[in-house]
Amino acid sequence: MNQEQNSNVKIIAREVLSSNWYTLRKITYEYLKKDGHWQTQSREAYDRGNGAAILLYNVSFKTVILTRQFRMPTFINGNRNGMMIEACAGLLDKDNPEDCIKRETEEETGYKISAVKKIMEVYMSPGSVTEMLHFFIAEYSHAMKVTEGGGIAHEQEEIEVLELPIEEALQMIDTGKIKDAKTIMLLQYARLKNIL
C-alpha cells in the first residue's frame, strides 16, 4: 500500500537535506494512532534506490562465490580494516532486478550466468533507508568464468572474488568474519533449503 492509499498517514512536508551521493530527506507527516488521535512526526529517510543480491553456489564442489571489498561506513563504526566479505550485490539503477543481478555478477565476480532464481524481497534497514533488496540464488560452474571480475574501475570498485566451501562460509558467520546481513541471510537460506 503506498502513502496515497494509506488513510493513516498524511505527508505534510518533504525536505531534501543532502543529495551529494544519494538523497537524504526529512519527511514530516501526521500519523493516526490507535486511540484515534493524529500525531505529527518527523523522520529522515535515506534513498539510495533499490538493489539486488545473489548467492552463487556449486552443488558438485559445495562451494559459494563471495566478494571482499573496503566499506567506509563499517570502518568508521569499528571494523578495523574496513574490509567486508559479502554476496555479490548492486543497485538496480534503471534495470529490473534480474537484469541487474546478472550484470553485477559478471562485473564483480567474472561469472556470466543466464539463469537466476528470485527467493525474496527485503527492506534491509526500514527505520532509515528506503532500499528494498531483491535476493537471488544461481548455480555456477567454472566454465561460466569469462573475466577476472573485480568490479568497474570508473566506479572506484576494487573487489576480490572468493570461492569458499559452504561449510567454511557458514563458520565465518559464527566467528564474525562475515558480518554482512544480506550475505548471512543468503548463506542461511542455502542451508535451510538444503541447496548445498
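Ser7 sits in the segment before strand 1 (9-18), where strands (E, at least two residues) and helices (H or I, at least four) are DSSP runs numbered from the N terminus. At 58% relative accessibility, Ser7 counts as exposed; here exposed means over 50% relative accessible area, buried means under 20%, and partly exposed lies in between, with a 1.4 Å probe and protein chains only. In sequence, Ser7 and Leu32 are 25 residues apart, and in space their C-alpha atoms are 8.2 Å apart. The model is predicted, so local features need pLDDT of at least 70 and side-chain atom pairs count only at pLDDT 80 or more, while totals for chains, interfaces and linings use all residues. Residues are numbered from 1 along each chain as its sequence is written, and side-chain values use heavy atoms, with hydrogens and water left out.

Next comes the overall picture. The protein contains four helices and 10 strands, and from the N terminus on these elements follow the order β-β-β-β-β-α-β-β-α-β-β-β-α-α. A box of roughly 60 × 35 × 35 Å, taken along the principal axes, holds the C-alpha atoms. Of the 196 residues, 38% count as buried. A contact means heavy atoms within 4.5 Å; among contacts between residues at least 6 apart in sequence, 55% join residues at least 24 apart. The accessible surface comes to about 12,000 Å², and 49% of it belongs to carbon and sulfur atoms. Such areas come from the Shrake-Rupley method with a 1.4 Å probe, and for residues only the protein chains shown count as cover.

Just after helix 3, Gly176 takes a positive phi of about 85°.

Helix 4 is also the place of Ala190, a residue that counts as buried at 3% relative accessibility. Leaving aside neighbours within four places in sequence, Ala190 is in contact with Leu55, Ile195 and Leu196. Ala190 and Ala89 are 101 residues apart along the chain, and 17 Å separates their C-alpha atoms. In the segment after helix 4 lies Asn194, exposed at 64% relative accessibility.

Backbone angles come up again at Asn194. Most residues other than glycine have a negative phi, and most peptide bonds are trans. Asn194, although not a glycine, has a positive phi of about 55°. Lys62, also not a glycine, has a positive phi of about 55°. Lys62 lies in the loop between strand 4 (51-58) and strand 5 and is partly exposed, with a relative accessible area of 44%.

Charges complete the description. The protein has 24 positive and 28 negative side chains, and the centres of the two sets lie 6 Å apart. Lys and Arg count as positive and Asp and Glu as negative, while His and the chain ends are not counted; each charge is placed at NZ of Lys, CZ of Arg, CG of Asp or CD of Glu. Side chains of opposite charge can pair when their charged atoms come close. A salt bridge is a side-chain nitrogen of Lys or Arg within 4 Å of a carboxyl oxygen of Asp or Glu, and by this rule the count comes to 14. One of them joins Arg25 and Asp47 (3.6 Å, N to O). Arg25 lies in strand 2 (residues 23-32) and Asp47 in strand 3 (residues 38-47), so the pair ties together parts that are 22 residues apart in sequence. Arg25 is partly exposed at 29% relative accessibility, and Asp47 is partly exposed at 28%.

Another salt bridge pairs Arg103 with Glu104 (3.3 Å, N to O). Arg103 is partly exposed, with a relative accessible area of 24%, whereas Glu104 is buried at 5%. Salt bridges that share partners join Asp93, Asp95, Arg103, Glu104 and Glu107 into one network. Lys112 and Glu106 also meet in a salt bridge (3.3 Å, N to O), and Glu106 is partly exposed, with a relative accessible area of 26%.
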